[in-house]
Amino acid sequence: MLTTPPLAPKTVAALHRLGIRTLEELRQTGAVQTFLLLKASGLTLTKSTLWQLESLLDGTPPQEMSQAHKARLLAELKNHPPVAAFPPQGEMAHFMGLALEQAKLSALMGEIPVGAVIVSDGKIIASAHNTCIADCNVSRHAEINALAQAGSKIQNYRLDGCDIYITLEPCAMCASALIQARVKRVIYGAGEPKTGAAGSIVNLFADKRLNTHTAIRGGILQEECRAVLSRFFQNKRKG
């Protein structure tokens, strides 16, 4: 178990809330990402907390850590993709299930079955799916439709603090739109090895040049999301 010292009691308590209770769990997350998660959870931290986290991993007391070592940590901190504390697994599965219902509606229309829901303060403000064929418009992906619906709902094109649940990893077009809308967290189901822009082909959310503040998490109900797509394309091939 992680205890004090070297970490302050409030830091240890926050780590426990994040599910980081042991040295092995800290090692899996890494000192820099853990530091960012603590900040995202609302703690006010100084660099000394980063040194303390790293010292637990490599056994070097913070006061003996070299300046070169600290410089490497600061460089990693500067270049790290955005992070966020994500909702509990059950909550994410619930909203992804609703996105899957949208994907199934898409399949019934003969559209590639991708669905999305946007959530603000625990409430759904948009539910959408692909309508590219119906609208004769290549941009009518589930994410784009959901963004338009949510913007109309709250009368603001910026969706600060909102989460989007998508059954498939977003493409470059949709990832860019989500970044522009300032969506807080993107949670997706299945990865997209051909066009995925959240890590499969490229990770636009990790590109600091885009000034992105959107954190991503994939793999929620991954198998269920893949199954909907697989059934759709199998039926297409059967004709």
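1. T34 sits in helix α3, which covers residues 31-40; helices here are DSSP runs of H or I with at least four residues, strands are runs of E with at least two, and both are numbered from the N terminus. T34 is buried, its relative accessible area being 0%, where buried means under 20%, exposed over 50% and partly exposed in between, with a 1.4 Å probe and protein chains only. Apart from neighbours within four places in sequence, T34 is in contact with L15, I20, L26, T29 and L53, contact being defined by heavy atoms within 4.5 Å.

2. On the basis of these values: this is a predicted model, in which local features need pLDDT of at least 70 and side-chain atom pairs count only at pLDDT 80 or more, while totals for chains, interfaces and linings use all residues. Residues are numbered from 1 along each chain as its sequence is written, and side-chain values use heavy atoms, with hydrogens and water left out.

3. The strands form an open sheet of five, in the order β2-β1-β3-β4-β5, with mixed pairing; two strands count as paired if DSSP finds at least two bridges between them. β2 and β5 (215-217) are the edge strands, each pairing on one side only, and the twist from one strand to the next averages 20°. Helix α8 packs on this sheet, where α8 touches β1, β2 and β3, and the direction of α8 makes about 140° with that of β2; such angles run from 0 to 180 degrees between N-to-C directions, the axes being lines fitted to C-alpha atoms, for helices over the stretch in contact. β1 and β2 run antiparallel and are joined by six bridges, and S120 has K123 of β2 as its bridge partner.

4. The largest nonpolar core has 41 residues, of which I118, L159, I164, Y165, I166, L178 and V183 touch the most other members; such a core is a set of buried Ala, Val, Leu, Ile, Met, Phe, Trp, Tyr and Cys residues joined through side-chain atoms within 4.5 Å. Among the elements that each supply at least two residues of this core are α6 (89-108), β1 (115-120), β3 (163-168) and α10 (222-238), and the largest share, six residues, comes from α6. L178 touches L147, I164, I166, P170, V183, V186, F205 and T214, when residues up to four places away in sequence are not counted.

5. For "binding site", UniProt lists H141, C171 and C174 in an unreviewed entry; such annotations may be inferred rather than shown by experiment, feature names are shortened, and positions are given in the numbering used here. The three are spread over 34 residues of sequence, yet they cluster in space, with a largest C-alpha distance of 9.4 Å.

6. H141 lies in the loop between α7 (132-135) and α8, and is partly exposed, with a relative accessible area of 22%. Leaving aside neighbours within four places in sequence, H141 is in contact with H129, N130, C132, C171, M173 and C174. C171, in the loop between β3 and α9, is buried, with a relative accessible area of 14%, and touches H141, E143, T195 and A197, not counting residues up to four places away in sequence.

7. The UniProt annotation "domain: CMP/dCMP-type deaminase", also from an unreviewed entry, covers residues 90-223. The end C-alpha atoms of residues 90-223 lie 16 Å apart, and this span is 35% helix and 21% strand.
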